[in-house]
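Please read the points below alongside the coordinates, taking each one as a separate remark on the model.

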Amino acid sequence: MKARKIAVGILAFVMMFSQMWLPKAGAEGAPQIILMENVPEVSAEFEGDTITLHPLHIYEDGHFMKTDQNLTWKSSNKNVAKVDEDGQVTLTGKHGRTFIRVSDGENSDRIAIDYKVKKSHKKESAPAIVKQKGKQYNLIENAIEGMTMEEKVGQMLMPDYRNWDGQNVTEMLPEIEAQIKQYHLGGVILFRENVVTTEQTTKLVADYQEASEKYGMLMTIDQEGGIVTRLQSGTDMPGNMALGATRSPELAKNVGHAIGEELASLGINMNFAPDMDVNNNPDNPVIGVRSFGEDPELVADLGIAYTKGLQETGVAATAKHFPGHGDTAVDSHLGLPEVPYDKERLMQVELYPFQQAMEAGIDAIMTAHVTFPKIDDTKVISKKDGTEISLPATLSHKVLTELMRDEMGYEGVITTDAMNMGAIQDHFGSVDAAIRAVKAGTDIVLMPVGLPEVAEGLYEAVETGDIPEDRIEASVERILTLKVNRGIIKSENPIDVEDQIEEALQTVGSAEHKAVEKEAADKSITLVKNENVLPLDSNNDDHVVVVGRSFVSSLGDAVKVQHENTTVIEANASYTLTDEQRETIASADQIIVGTYTYSVGTRSPEHPQMMMVNAIMNETDVPVIAVGIRNPYDIMAYPNVDSYLTQYGFRTASFEATAATIFGDNAPTGKLPITIPGESGGVLYNFGHGLTY
């Protein structure tokens, strides 16, 4: 009996001693405090010899917020690591373990940090974070338990507020704030109409975050670079096909990083980029130069590099458009395209970059409004005209759940493409489409048409059991996991918006980013054909005439910087030239023609633009240099031109790089990331072709 009493006494002493450094339970009426790094889903790593810890307050209903006021920090073993008042832990270099403790005066939490010799490298030491265990760290599970069904559905809805009552939305409106709260929105997508200046954008994004009730909002945008660039005040990076022409993963990563830094400084935390479609169809009207190219490995390598650069800045990346929109000849904004291939072919081509991106840890994947009948042969009746159509990937359980989740093993967030696009809206209607997308396996319903109707339709589907509530909860878990991992959490003390604006002004359009933009543009220019014409001499008095319509002034301005004696001729809408313009062309020593195409029809030899180019070539004896401003395929319409360059986009840096190349200041190094077919079949120029001098 005496021995038993002694044992009980020792046990009580041990328990009392251990409790001294255990996190306290939440004091009555006060939120519990935890370190985010203790949450199982959160990955935390040292940068060199430092790491910053992030305290969260957990409230009774399970929702959580960042906290940074009135905190005290302590290290149990300062010989191993010290901690400052902002939660930054710095290793001393000595081996051992320390517990870092944070307290808000009512409650506390701790985390263990070890610094010891690696087992695999006896001469090297490395830090390790040892998470504490306890139900309080089941952050996301506890949050979901405390959410209403409407709050859960709200996390899955991501509308756009491009306009309101016919006016562009550039500041928070009471009506929008009311919808955010009423429907518990988890995110919003911004468009060019919303993001005019750096100051205005920063304020708008901060107001969106302030309007959200409990959880931080996914503030998203399509900032791909190139032809899909939303920020009006940002750096206009060349697009993916330009990067494909450089063949440089390092440059792709730098572009992604620069874009990420600009978005993060504005408070935008998710980018619907990169496009990882394999553009192996030259007739594709909607992807084209948004793709890195026609080779799956090139697309995967550059897409992953871009993603790493983007995600390094804390901005979530999104690969699109799964299972692949590259081999289509219909714009899904307008119609319903079909990709007819079987799974074996798709795994080798279209799906390959997505599989690689999944394995590399991409945050999200966007679906394609494209039918893949060899994967899902389900037929449905179109609400548009009553005809039988195939089910698009966005609404297909076989594509999103069976293929992407089960076969390919993807565990991240799935978002639909815009649900207002013709491929969906015309055939299904907004409510039916949203319900189908959720049942198929999507986590985010992007740009639903009629937010109130779609929200109510989803509520009803859950209440009737058409959509099981655990299906909704699985999506909310993925969304909240993404938010926590990217630090998208509401703060009890938000950063002062004026301080954020000051930082954004220093970041957006910075000299460092402009240098990346210039390097990408310079290295992308591809010299496809050169009959001993280029480079031109910028020092002589030759009369250079620049002819074109779309973006010809941009091309002309860039040429004038290189060569003063330059005349720019802008053709009219029908591409007919006046007698005076013809006389000017006849006086030229060299002619530069800029062509701009975006479809099969616009690049056809019968199109008035191409007829104008061929007429100029036939009516003059001087060299004609053509520039494919957007699509590299333009030379198909005028294969006998003396020289041809392609720049893959219409941003200023690309025009400057082209002009510098024409006059020898930039030696061309770009390689075609696609094959240029002949107008009547065969190959005109192969993938990988590119000249220099």
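1. Both faces of strand S24 are covered, with Val544, Val546 and Gly548 buried on one side and Val545 and Val547 buried on the other. Helices (H or I, at least four residues) and strands (E, at least two) are DSSP runs, numbered from the N terminus.

2. This is a predicted model, in which local features need pLDDT of at least 70 and side-chain atom pairs count only at pLDDT 80 or more, while totals for chains, interfaces and linings use all residues. Residues are numbered from 1 along each chain as its sequence is written, and side-chain values use heavy atoms, with hydrogens and water left out.

3. Strand S24 is joined by 5 bridges to strand S25 (residues 566-570), and the two run parallel; two strands pair if DSSP finds at least two bridges between them. Within this pairing, Val546 stands opposite Val568 of S25. A further 5 bridges join S24 to strand S26 (residues 590-595), again in parallel, and there Val547 stands opposite Val593.

4. S24, helix H18 (residues 552-562) and S25 make a right-handed β-α-β unit. A crossover is called right-handed if, with the strands pointing away from the viewer, the path from the first strand over the helix to the second runs clockwise.

5. In helix H4 (residues 174-182), the buried residues are Ile176, Gln179 and Ile180. Seen down the axis of H4, these residues fall within an arc of 100°, so they line one face of the helix; the arc is that of the directions from the helix axis to the C-beta atoms. They pack against strand S12 (163-164), helix H5 (198-211) and helix H14 (451-463), with contact meaning heavy atoms within 4.5 Å. Just after H4, His184 takes a positive phi of about 50°.

6. Some backbone geometries deserve a careful look. Most residues other than glycine have a negative phi, and most peptide bonds are trans. Met447, in the loop between strand S22 (445-446) and H14, has a positive phi of about 55° although it is not a glycine, and at 4% relative accessibility Met447 counts as buried. Tyr575, in the loop between S25 and helix H19 (579-586), has a positive phi near 60°, and at 13% relative accessibility Tyr575 likewise counts as buried.

7. The bond from Ala273 to Pro274 is cis, with omega near 10°, and Pro274 is placed in the loop between strand S16 (270-271) and helix H8 (296-312). The bond from Lys320 to His321 is cis as well, with omega near 5°, and His321 is found in strand S17 (residues 318-322).

8. For the chain as a whole, the secondary structure comes to 22 helices and 30 strands, and 56% of the 693 residues count as buried. Among contacts between residues at least 6 apart in sequence, 71% join residues at least 24 apart. The C-alpha atoms fill a box of roughly 115 × 65 × 50 Å, taken along the principal axes.

Conventions. Buried means under 20% relative accessible area, exposed over 50%, partly exposed in between (1.4 Å probe, protein chains only).
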